[in-house]
Structure formats: structure tokens, C-alpha cells
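Here's a sequence with its 3D structure. Could you set me a few exercises on it, and work through the solutions step by step?

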Amino acid sequence: MLGKVELCLQEMGLRLVWSGEGMAVLKVKDSVLKLVDNSPHSGWLPYEHLTTLALLGKRNLAELLADGHVLFCPSDAAELLPQDGAEPIFALEPLEDNRWCVRTSNLVGFLECNGLTISIGSRFDPEDSSSFFLPYLIARTLHIPPLELDWEQVSAYDLLPLLFPAALTRALGSGLFKQYQRVSTNGSCFKGSLAVAAHLKRNLASGLVSGRAFGRKVTSVSSQLSADNAVTQLVRHTIELIRSKPALAPLLAVNASVVSAVRQIELATPSFRSSALVSVVKANREPCSCPAYQQLQQLCLKLLTAFDPSLSLSQDPDQVYGVLFDISYLWEEYLATVLEPQGFEHPRNKAGLGALYLDRNQSFLAYPDFYRLSSDSTVAEPRADLVLDAKFKRYDTYAPARDDIVQMLMYLHVLKAPRAFLLCPTQRADPLESHYEFCGLGGTVDVAFLPIPAQAESFADFCTQMAQAEAELLASLAT
């Protein structure tokens, strides 16, 4: 006979999917449920948390993004949504003895709803140890300094400031946001419409003294395009908030582009007053008209309300807040920060950049993650001496999938390359060595690993160990 919770889940139309391999323990501590990507987790859950999970299990990424309270990074590339955002955030299934299984997807990050925080980290972080790997990937991908935050207690709110520099420079890349503002002027030139009440108040007394009707001035109101508006004021308030936090202030000086963007906002908002924060937040209730600034506007609202919940415009207890990343994308873009300075090309299939053609008619395209051109390469006939593909998979414990090997064989053929590697993270001291030698035109495919430190005293120590591992990886690829 079904219990109350099972009936509740059925009524909510929850999709149930589960695989029992490699199951982790499901734990809730201090209203925080810690999960890792692409893994099943089993255990007992309090009823109130179970109903929240059931609510989230019905929602997919596209729906959460449409609500405007969940950020997906990189947010300027909607084509990066997994399966077009149609898949659930995670799946939930009842087991025996009133236990439940939660199975996660490629998404990592934080979600908060009804007092429950769901933390989805990396499965390559050591168990019962510091979870530094995901923050490291985010910091490297977003090109921000390794801030010494309390990563053991990190939440969605802690990640929001890290997204600000990139969002700011991306928005300012399209120019300062301008909006029509009602401007009142009092002078000899009439512009717009007459402001009768203000004109009488300002100019009646001076007119009586001079003997002229209302003097020589007239008060008028007109609409003028201005960079000092509600949106730029919101950005300015966010800048001042980050500046006031010593641990976060370095984010405003990450590079020259960020410094320049901050200065542009400061110069564009001469009417800024810290006491006007509440009215500025209310003025940004609706998304602005410029798509380039909508993401920055939403990020600023979330940042400000995170530090002052009384500013929140939503009172819905079932509202979901959070920040999510595609872990496979993070892994690939992180590797780009390591490999591109070494001369590797990095085509971007999501943006349609750097495609290789498989046929003379240019009908079929290929996008290797990374490749290094050889000395005899030409524009018409690109050749590579090495092809690399980023895989956030456990190829340290099992052989690569056939489709991944066939994909590498295609890259080897079209680039006339002698060797290729699948680049994977690993925690193992003795990862599985997979090696393939091909017939026909020849070529080899191997799996190369980047070791993830298992022991680190601090985030700075973790970064130091990762830098050493990166140097060793580059040295192995150079041979």
C-alpha cells in the first residue's frame, strides 16, 4: 500500500528514473542536501524536504530560467542548455524501507527552495574532504582570482559575486545602457512641456521682484536619453556592495577591462545615492529592454537581495533560487585556459566558430575540442600533430565509450594527425590506461588524466597543487 509521500509524488506527476550503480549516501545536514553530478544517491529524507525535492523534480532547467530566479552559466549562451533544457534537474525514485534515490545530471551548483539548500558538487572531489574542485573550475573559467572564501560553507549566494565581473564586461561591451528619463529644467529655453506647478513655485517670486511676469525663466519637463537610469544605478549599487566586502573587493580589479567597466558605471551615475537602494530595486522590477543588460540586471538583483533579503520582490515560498553550471562545459573551458596559451586551437561548436569540414562540398562539420596545428598546415588543408577532446567521465575506471573513440578517429582523419587524447580528471593514483592503434591511415588514441588533489590544507594550497598538475600534463603532451 502506498504511503502518504508516495501518493503525494504520484499526484505531482514526478518522473521516476534510477540506476543503482555506484550509489552514494543521501545526507541532509542543517537543511543542506549535498549531492554530486551524474550520480545516484540513496537514503532517508524528512517529509518536508522530500516534498521540496518532489517539487523540484518536476521542474526542468528551461522552466527555472524562465522564472528569472535561477542563473545558468554561461548565461549568454542559451544553446548550452542540456537537451534544450527539457530534462529534469534531477530524478527521484522510491526504494524499499522508505528510502529514496536522487539521481543527478550534468548540472552542478546550488538551488534553494522552502528552506532547503541543494548543493550539487563534483564527483571528482574527494569524499569527506574539502570541495575545492568546483570553485577552482569556476574561478579559472570566469578568469577571477582564487578568493579565500569559506568553500566548506559555500552557497548559491557565495557564487553570485563571482559571476559579476564577466557579466559586467559582457554588458558594457555593447555600450552604456541608456533609457529615456524625465528631466526637469528651469531656464530661458523652453523644452518639452510646461511644468505649471513647479514653474509657479520656482519663478513667481523672482518675477514679482523683477517686475516681469515670472522673470526670465520657465520650468519645463522633457524626456531625454540618459545613461543615468534605474539599470545603471542598480549596477552601481552592486559595485558598492562588492567594494564594501573585503573578501570580494578584488573582483572589481580582476583585469583592465573590469576596472574600466566599473569606472564607466561610476561616471554614468552622478546622481547615485546609497539611500535610494530600495527605490532602485523596485524600479528594476521588470526586465530592461536591452538583451545584453537583462542578465546583468537579474544578477545584480539577486546579489543585492542575497545580502538584504528584505529587498526581495518575491514572497512565494515555493520560489526556487540558485546558480547552475554545466560541469562538462566548465571542464572544457577550464582546459581552454590551460591549453590555448600553449598554441592549441579551441573551436566552439555551440557558437559555430572554428569548424572543420569533413567533405569538399563543406556539407559536414566537425568541432574537435582542441588541436595543435603542425608546421605544414595551411588554411586550405589544416593539419594537426595532436588532437584533444575534453571528457568529464570516469575513464580512469572503465574503457572509453565506442562513440568517443570513433569521434576521435574522425578528427585524426580530417586533420591528418598521428595521435589524439581524451582528457579526463582523475582521483586515482593508478588510473586505467586505454590505448588504441588504428588500421588504415593509422594514428593512436590514448586517455590522458589531470590528477585532482586529494589532500589540500586550503584553497590556495589546492590551487598550487593544480598548477603543478597542469604543468605536468602539458609536459606529457609535449613529448
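**Exercise 1.** Find how many salt bridges the structure holds, then look at the ones made by Lys391.

*Solution.* Step one: a salt bridge is a side-chain nitrogen of Lys or Arg within 4 Å of a carboxyl oxygen of Asp or Glu, and the structure holds 16 of them. This is a predicted model, where local features need pLDDT of at least 70, side-chain atom pairs count only at pLDDT 80 or more, and totals for chains, interfaces and linings use all residues. Residues are numbered from 1 along each chain as its sequence is written, and side-chain values use heavy atoms, leaving out hydrogens and water.

Step two: Lys391 pairs with Asp389 at 3.1 Å, N to O, and with Asp404 at 3.2 Å. Helices (H or I, at least four residues) and strands (E, at least two) are DSSP runs, numbered from the N terminus.

Step three: Asp389 and Lys391 are buried, and so is Asp404. Buried means under 20% relative accessible area, exposed over 50%, partly exposed in between (1.4 Å probe, protein chains only).

**Exercise 2.** Work out where the buried residues of helix 13 lie around its axis.

*Solution.* Start with the list: the buried ones include Phe459, Phe462, Met466 and Leu473. Seen down the axis, the buried residues of helix 13 fall within an arc of 125° (using directions from the axis to the C-beta atoms), so they line one face.
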